[in-house]
Amino acid sequence: MRIGMGYDVHRLVTDRNLILGGVNIPHELGLLGHSDADVLVHAIMDALLGASALGDIGKHFPDTDAKYKGISSIVLLEYVGRLLKDKNYIIENIDATIIAQRPKMSPHIPYMIENIARALQLTIDKVNVKATTEEGLGFTGQEEGISSNAICLLK
């Protein structure tokens with residue numbers, strides 16, 4: 001058994017879509033990044049890559065490579081899933097938390113779980129996503145950015 005932990009954060013800006021877990025969430029701000037800046041999927045990928053000792057997302061998808069400009073993080077997650085399969089790892093579970101003051105995530109979480117499970121060829125009972133605020137504190141509480149943590153168990 002191997003455990004991995006991931007973390008990601010991106011700044012909120014105007015003129016970008018807010019994509020989390022592969023879901024385009026209606027909001028006046030979106031996340032700034034080289035790809036679609038999906039902090040939830042990025043944290044999950046880092047947890048999976050860490051647990052399998054395969055590095056991190058920067059190693060596999062450098063932000064200096066034009067082919068990843070604007071790419072869907074779900075596509076990158078599918079690639080990570082294939083890497084793990086090639087190394088004979090089985091994902092036992094993923095647990096992730098989105099930290100954002102706004103918008104409310106709960107209506108979108110079932111779709112995020114479906115997207116993540118589908119990308120990794122898992123049943124939805126192996127993926128958990130939840131959300132919290134920081135009660136107005138810090139950069140997420142002041143709506144300057146959104147972050148996410150993830151942990152996974154591989155066999």
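Me: Which residues of α4 are buried?
Reply: The buried residues of α4 are I109, M112, I113, N115, I116, A117, A119 and L120, where buried means under 20% relative accessible area, exposed over 50% and partly exposed in between, with a 1.4 Å probe and protein chains only. The model is a predicted one, in which local features need pLDDT of at least 70, side-chain atom pairs count only at pLDDT 80 or more, and totals for chains, interfaces and linings use all residues. Residues are numbered from 1 along each chain as its sequence is written, and side-chain values use heavy atoms, with hydrogens and water left out.

Me: How do you know that the span of helix α4 agrees with its 12 residues?
Reply: The expected span of a helix is 1.5 Å times one less than its number of residues, so the 12 residues of α4 (residues 109-120) should span 16 Å, and the end C-alpha atoms are 17 Å apart, which agrees. For α1 the 13 residues should span 18 Å and the end C-alpha atoms are 18 Å apart, again in agreement.

Me: What makes α1 mostly covered?
Reply: Of the 13 residues of α1, 12 are buried, among them H42, D46 and A51. Just after α1, A53 takes a positive phi of about 55°.

Me: Why is Q121 called exposed?
Reply: Q121 has a relative accessible area of 67% and is therefore exposed. The residue lies in the loop between α4 and β6, and its phi is positive, about 55°, although Q121 is not a glycine.

Me: Why is N88 called exposed?
Reply: With a relative accessible area of 65%, N88 is exposed. N88 is found in the loop between α3 and β5, and its phi is near 65°, a positive value in a residue other than glycine.

Me: Why is H108 called buried?
Reply: H108 has a relative accessible area of 17%, so the residue is buried. H108 is found in the loop between β5 and α4 and, leaving aside neighbours within four places in sequence, is in contact with V23, I25 and P26. P103 lies in the loop between β5 and α4 as well, and a cis peptide bond, with omega about -10°, joins R102 and P103.

Me: Why does S35 count as buried?
Reply: The relative accessibility of S35 is 9%, and S35 therefore counts as buried. S35 lies in the loop between β4 (30-31) and α1, and touches R16, H42, Y68, G70, I71 and S73 when residues up to four places away in sequence are not counted.

Me: How do you know that the radius of gyration of the protein chain agrees with a compact globule?
Reply: The radius is taken over C-alpha atoms, and the globule rule is 2.2 Å times the number of residues to the power 0.38; with 155 residues the rule gives a value near 15 Å, and the protein chain has 15 Å, which agrees. Buried residues make up 50% of the 155 residues, and the C-alpha atoms fill a box of roughly 40 × 35 × 25 Å along the principal axes.

Technical notes
Helices (H or I, at least four residues) and strands (E, at least two) are DSSP runs, numbered from the N terminus. Contact means heavy atoms within 4.5 Å.
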